[in-house]
Amino acid sequence: MIFKRLLPLPALCLFLFSAMPGFAQSIVNKKLDHYNVIWDTPGPTSAQSMPLGNGDIGLNVWFEKNGDLLFYISKTDAWGEPDAEKDDWMRQGGVLMKLGAVRVSVSPNPLNNNGKFKQVLKLQNGEIWAKAGDGKAAVEYRIWVDANHPVIRIETKSVTKATIGVKLENWRAGKTDTVLAGRKGSIAWYHHTPATTDPHLANLTFGAIIKGADLANKDDATLRTSGGVTSQTISIYPLTSVVASGNQWLSKLEAQVKVIEKLNLEQTRLAHQKWWQQFWNRSSVFVSGDELAQKVTQGYILQRFVTACAGRGAYPIKFNGSIFVIDNPAKNVNADYRSWGGQYWFQNTRPMYWPRLMAGDFDMMLPLFRMYANILPANAKQVQGFYKHGGAYFAETAPFWGGLNYMGPEVKQNYTNHYFTPILELSMMMLDYYEYTGDADFAKKTLLPVASAGLQFFDEHFKRDSTGKLLLDPDNAIEMFWKVHNPAPDIAGLHAVLSRMIKLPKSIISGDQKAKWQRFYNEFPPLPKAEHDGKTVLLPYTGPQTAKSFNSENPELYAIYPFRIYGLGKPDLDVAINTFNSRKQRAKGCWVQDPIQAALIGAAEVAKDYTSFALTRKDPALKFPAFWDRGNDYMPDEDNGGNGENGLQLMLMQSEGKKIMLLPAWPKGWDADFKLNAPYKTTVEGKIVNGKLTGLKVTPASRMADVVDLSLKK
């Protein structure tokens, strides 16, 4: 009772854990704590779940009104065989499944008699803390997914003794999943994809083991403490492996479990917290000035958190829900389902990855680069077989193992037929990654093979016109205009990528390669332009603008972003501004690039409008503030948050080569406190007060000479 009188509610809620060894709070940035997500009512369904993860293993965590803790378990490599009963997209590219759901029950129920409830996503430490019940009947929970090891931890503490139950809930059990029988003190289950399915999915096996001291089997899917306890740790060990049988998978996992069980729990918890502290110290953006600024900050921080929870696994983040999709009883779909299925769509995948550069989250870019680098050899072989020439490209939509279809000029037009742009944009992103990190090994082994293959494909696949210039025909202007002449995205991409590849050091490219590229560069056609109301504007493709449109995109703006031929501090900025202002498609949210393009041309108020929309567009059916509305994708949509991150960063800072421009598109009325990464292993920190930059710190200090404060010119 003394504590209730002396401590405010948040402090009281933290007391039990913080007063015990290993539960001390760590403070990295007091401002970050302000954006912890705090709920005071439970569930009742997965629509009211919080995300959590270690970059590979993810959880959707919620409490039911009966006091039970539930969570879905997901993993970035838990690919299964498509279900023939689902829609067309679900039958393509495998299904990124949940491992199952776990229910943790406490008896007596701490929420009996309308007991109080509190659930907190603690960003500093990458964990969920919860308290159910009042006084001596209260139970506290700490839920975390070890940032350094493949294990989920659920810790409970209470003043009085309680019985803890753990139950596996798997909607595929007895169908495609096996729950192992006769276990002693554990639950084990797995999903095994048959060897007779697609060879890329064959024998993929995933599942987990659940264990905990003093837990005994009630049945094959249920554990329970033998009596009342005041503390309990439940550990869940997931594994995905390609094996011929469930026994082989189990043998591998049990060996992995033994290694992790030898680790000291307190030490692993502290190491986990340290990882998250280091993550938050890489960069930060806090915007202030009005209520909208606070919401934008929350959206930015939580989107970055969700990305960190899913961004270090075997495969890139799925745009259509990441690993945090939920069930939807109203549509009769379970938590394995997602609209647009298991394929990767490059144009939808990139939004989560461009912001990683300024955020300093370089480790989270590697799964994207690795997947496409692994796809490259097979795609190159198909190109050789189809067209009898070298090089390669990446299809706009493809499963994680890649693959191409024949796309000769006679093939019927389509949204993604004759769409060759992704390898150019990926090369652009890889060039930026190399500039930011200085990783020469990456440049030689990943960037160079990918970019070289893409450039070779365009060089050898397309003919030249009567003047000797490259003739891109037939070629899609992304999904908007099909089989047109010299589409702007590919021309812009070729100019942007090859101009940078030629400048790579001799330690990476040879003189012969450089000479060959220079010849090719000289053959590039110019970007298509025209006069519009007396002003020069860029066009989506060359020639009469008579092609039918099929989507809501602005291909002509690819010369601003992602290929950055036009922008602040570059020639003909007026052309970029004219083109942006005359754009036909002006939708907001989802994969729309307008917030980024607006920032790159210095349109501060437009960038603010579009970025604010993206970073506050929560799905109305979901409770978590950064589970974004599905838009054109699927909930929780990842494009929306990624483009919002990118837009906000570019409003604060833009880099090109060694030049760093600060406040290039910062709106009036907003202040900020920020730390961002720039090329050449540089960080830039500062504050914006009343539109002016203060407290500037650049590391290393030698890079201060490259900084231009654009607020001084306003």
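Modeller: Happy to! The largest cavity has a volume of about 320 Å³. Please keep in mind that this is a predicted model. A search of the whole structure turns up six cavities of 30 Å³ or more.

Let's stay with the largest cavity for a moment. Its lining is made up of 24 residues, and those nearest the centre are Asp432, Arg564, Leu600, Leu650 and Ser655. By class, the lining of the largest cavity comprises 13 nonpolar, six polar and five charged residues. Four elements each supply at least two lining residues: the run 356-359 (α8), the run 422-437 (α10), the run 638-652 (α17) and the run 653-656 (β25). Of the contributors, β25 gives the most, with four residues.

The second largest cavity holds about 150 Å³ of space. It is lined by 15 residues, and Ser552, Glu553, Asn554, Gln593 and Asp594 are the closest to its centre. The lining of the second largest cavity divides into five nonpolar, six polar and four charged residues.

What does β6 pair with? Strand β1 (residues 37-39) pairs with β6 in the antiparallel sense over three bridges, and within that pairing tryptophan 39 has glutamine 119 of β6 as its bridge partner. Strand β7 (residues 127-132) also pairs with β6 in the antiparallel sense, over six bridges. There, phenylalanine 117 has alanine 132 of β7 as its bridge partner. β6 and β7 form a hairpin with four residues between them, and in the turn glycine 126 has a positive phi of about 60 degrees.

Finally, a word on the cysteines. Searching the whole structure gives zero disulfides. Cysteine 309 is buried, at a relative accessible area of 0%. Cysteine 590 has 3% relative accessibility and therefore also counts as buried, the cut-off being under 20% relative accessible area.

Methods:
Residues numbered from 1 in each chain as written. Predicted model: local features only at pLDDT ≥ 70, side-chain atom pairs only at ≥ 80, totals over all residues. Heavy atoms only, no water. 1 Å grid on protein atoms, 1.4 Å probe; cavity = no way out; pocket = protein on both sides within 12 Å on 5 of 7 lines; lining within 4 Å. Points joined across faces, edges and corners; volume = space filled by probe spheres on them. Nonpolar A, V, L, I, M, F, W, Y, C, P; charged D, E, K, R; others polar. Disulfide = S-S within 2.5 Å. Buried < 20%, exposed > 50% of the residue type's maximum accessible area, 1.4 Å probe, protein only. Pairing = 2+ DSSP bridges.
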